[in-house]
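Try each task yourself before you read the solution.

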Amino acid sequence: MKDERTRRQFIRDVSLLSSSAVLGTSMPWLKAMAGETQVGSAASDRVRLGFVGVGDRGRALLLNCQQLKNVEVAAVCDNYEPHYQRAIELTQGKAKAFYDYRKMLDEVDNLDAVVIATPLHEHAYITVDFLNSGIHVFCEKSMARTLGDSKAMTLTANRTGKILQIGHQRMFNPAYLKAYERAASGEIGQITQIRAYWHRNNDWRRPVPDGHPELERKINWRMYDEYSAGLMTELASHQIQVANWFLGEIPTRVMGSGSICFWKDGREVYDNVACVYDYPKGVKVIYDSVISNRKYGLEEQIMGHLGTIEPEVRKIYSENPPPSPGFLQLINNLEKDVFETIPIGGASWVPETAVQYNGEYLVEDYQYDDTLLEMEGFVLAVRNGRPYPGLLREGYNATVAVLLGLQAMQENRIIEWPEEYAWKKNTELV
C-alpha cells in the first residue's frame with residue numbers, strides 16, 4: 001500500500017482546484033473526486049475489475065488498482081504465456097485467469113468494469129464487446145488504430161451509457177490542472193502557439209525469446225504499421241490531448257513529415273516525426289518526436305503573449321518577469337552591459353537567445369503519480385455508475401488528431417479534419 005498521506009494530499013489539492021470557477025465547470029470529474037473522502041468497505045461499494053492485457057502497461061495499471069480501497073481484481077486475461085503467468089502471480093492466484101477475453105465475458109459474473117491494455121489494434125473490438133455486455137471500460141490510449149474503430153468505440157459507449165475512459169492521465173495531474181486554471185484565467189494571455197516534443201534514445205524494441213521468431217510481431221507490435229501508428233499513438237497522443245484541452249478546440253488540419261532515420265532494423269513505423277497542426281484563429285501546435293536523442297526529454301510549451309507554461313516541469317514564466325532585487329539586479333545590469341555592448345567593427349546585433357528567467361512553480365512537488373489518480377477517478381466513476389462529462393471526447397479527439405497526423409506524413413499532403421469525425425464541445429458525435 002502506498003503512503004496514504006500522498007492520497008490525502010491529492011484529495012486536498014483536488015478540493016482546492018475544484019473550488020475554482022474555471023475548473024469546477026470545465027472539469028466536472030474534479031468535483032466528483034473531491035467529494036470522495038471515504039470509501040466504504042461494504043460489499044455494495046466494492047468494484048470488481050477485470051484486466052485484459054497484462055504487459056508492461058497493463059501490469060502498471062493493475063498494480064495501481066491494487067492500491068485502491070475496496071477494489072477486487074476478479075479476472076485477468078492475456079494470450080502471451082509469460083504475461084498470463086505474471087498476471088496470476090500479481091493477483092496471488094485469486095483472480096480467475098483466461099487466455100481469451102471472450103471466456104472472461106462468459107464465465108465471470110458481476111464484473112463491474114474491465115481495464116484494457118492490449119496492443120492498439122485490438123482495443124476496438126474488445127471494448128465494444130464489453131460495453132455491449134453492460135461492463136464499463138478503461139482503455140489505454142490511444143483509442144484505436146483507425147478512425148473508424150475510434151468512432152465505433154465512442155458511439156457504442158454513448159449508446160449504452162456505459163463508461164469508456166481513455167488513458168490520458170494528465171487530466172488528473174495537479175500540475176496540469178493548475179496550469180489549465182492559470183491559462184484559462186488569462187495569466188499567459190492569448191495562446192498563439194504550443195510546442196510539444198517527446199524525445200528518447202532507445203530502439204523501443206523488446207527481446208524476442210530465442211528460437212521463436214514467430215513472436216516478433218506479437219511482442220514488438222509497436223514497430224508495425226498494421227498494429228500501431230508508432231510515436232504518434234504511443235507518445236504524441238498524450239501531448240496533442242493537452243493541446244486540444246488547453247485550446248478548447250480541435251485542429252482544422254495537419255501537415256507533417258516522418259522518416260525511419262536512425263533505427264533501420266526492419267521496423268515499419270517512423271522513428272522521427274514532425275507535425276504542424278492548425279487550429280482556429282491561426283493558432284499552431286508544433287510537434288516533434290525522435291528516439292535517437294533524449295537531451296530535451298518531453299515537454300509542452302504553452303505560449304501566450306503574456307507568458308509561457310511548461311507543465312512537465314511545473315513552471316510558469318511571465319513575459320515581463322519582476323526585476324531582481326538589490327544585489328542580483330546589480331549583477332544582471334553588469335552582465336547586460338557586458339554582453340549587449342556592441343564592439344566597434346564587431347557584430348552589429350545581439351543574438352536573441354532564450355530568456356534567462358527561472359519562472360515560478362505552479363504547484364509544490366508531489367510524490368503521487370497521475371496514473372494512480374486516473375485509476376482512482378475511473379473506479380469512482382464506476383462506483384457511481386456515471387461517465388464524467390467531456391472526458392471521452394478528450395480521448396477521442398486526441399486519437400483522431402494523431403491518426404490524421406500520421407496520415408499527413410504517410411501521404412505527404414495536408415489533411416483536413418473530416419467533418420464526420422469532428423466531436424466539438426456541446427455537440428454529439430453522430
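Two strands count as paired if DSSP finds at least two bridges between them. Keep in mind that this is a predicted model.

**Exercise 1. Find the order of the strands in the six-stranded open sheet, and say which strands stand at its edges.**

Step 1. Trace the sheet from one side to the other: the order reads β3-β2-β1-β4-β5-β6. The strands in this sheet pair in the parallel sense.

Step 2. Look at the two ends of that order. β3 (96-98) and β6 (164-166) each have a single partner strand, so one side of each is left without a neighbour in the sheet.

Step 3. From one strand to the next, the twist averages 20 degrees.

Step 4. Zoom in on one end. Strand β5 (residues 136-139) runs parallel to β6, and three bridges join the two. V137 has L164 in β6 as its bridge partner.

**Exercise 2. Work out which strands β8 pairs with, and in what sense.**

Step 1. Start with β9. Strand β8 (residues 253-259) and strand β9 (residues 272-278) are joined by seven bridges in the antiparallel sense.

Step 2. Move on to β15. β8 also pairs with β15 in the antiparallel sense, over two bridges. Here R253 has E416 in β15 as its bridge partner.

**Exercise 3. Describe how helix α8 and helix α14 lie against each other.**

Step 1. Recall what you need: two packed helices are described by the angle between their axes and the distance between the axes.

Step 2. The axes of α8 (residues 147-160) and α14 (residues 391-411) come within 10 Å, and they cross at roughly 170 degrees.

Step 3. Name the arrangement. An angle over 145 degrees counts as roughly antiparallel, and that makes α8 roughly antiparallel to α14.

Step 4. List who meets whom. On the α8 side you'll find L147, S150, K151, T154, A157 and N158. On the α14 side they meet L392, Y396, T399, V400, L403 and L404.

Step 5. Sort the contact by class: there are seven nonpolar, four polar and one charged residues.

**Exercise 4. Compare two aromatic pairs, one with Y101 and one with Y396.**

Step 1. A pair of aromatic rings is described by the distance of the centres and the angle of the planes. The model has ten aromatic pairs.

Step 2. Take Y101 and F130. Their centres are 5.9 Å apart and their planes are 40 degrees apart, and the pair is tilted. Y101 belongs to helix α6 (residues 101-107) and F130 to helix α7, so the pair ties together parts that are 29 residues apart in sequence.

Step 3. Are these two buried or exposed? Y101 is buried, at 8% relative accessible area, and F130 is buried at 0%. Along with Y125, Y101 and F130 form one aromatic cluster.

Step 4. Take Y396 and W423. This pair is edge-to-face, with 5.9 Å between the centres and 65 degrees between the planes. Y396 sits in helix α14 and W423 in the segment after β15 (415-416), so the pair ties together parts that are 27 residues apart in sequence.

Step 5. Check burial again: Y396 is buried at 0% relative accessibility, and W423 is buried at 8%.

**Exercise 5. Look at the backbone around S142, N70 and N426.**

Step 1. Start from the general rule: most residues other than glycine have a negative phi, and most peptide bonds are trans.

Step 2. Look at the bond between K141 and S142. It is a cis peptide bond, with omega about -10 degrees. S142 is in the loop between β5 and α8.

Step 3. Turn to N70. Its phi is positive, about 55 degrees, although it is not a glycine. N70 lies in the loop between α4 (56-65) and β2 (71-77), and it is buried at 17% relative accessible area.

Step 4. Finish with N426. Phi of N426 is also positive, near 60 degrees. N426 is in the segment after β15, and at 80% relative accessibility it counts as exposed.

How values were computed
Residues are numbered from 1 along each chain as its sequence is written. This is a predicted model: local features need pLDDT of at least 70, side-chain atom pairs count only at pLDDT 80 or more; totals for chains, interfaces and linings use all residues. Side-chain values use heavy atoms; hydrogens and water are left out. Axes are lines fitted to C-alpha atoms, for helices over the stretch in contact, and angles run from 0 to 180 degrees between N-to-C directions. Helices (H or I, at least four residues) and strands (E, at least two) are DSSP runs, numbered from the N terminus. Angles under 35 degrees count as roughly parallel, over 145 as roughly antiparallel, 65 to 115 as roughly perpendicular and the rest as oblique. Contact means heavy atoms within 4.5 Å. Ala, Val, Leu, Ile, Met, Phe, Trp, Tyr, Cys and Pro count as nonpolar, Asp, Glu, Lys and Arg as charged, and the others, Gly among them, as polar. Rings of Phe, Tyr and Trp (its six-membered ring) pair if their centres lie within 6.5 Å; planes under 30 degrees apart count as stacked, over 60 as edge-to-face and the rest as tilted. Buried means under 20% relative accessible area, exposed over 50%, partly exposed in between (1.4 Å probe, protein chains only).
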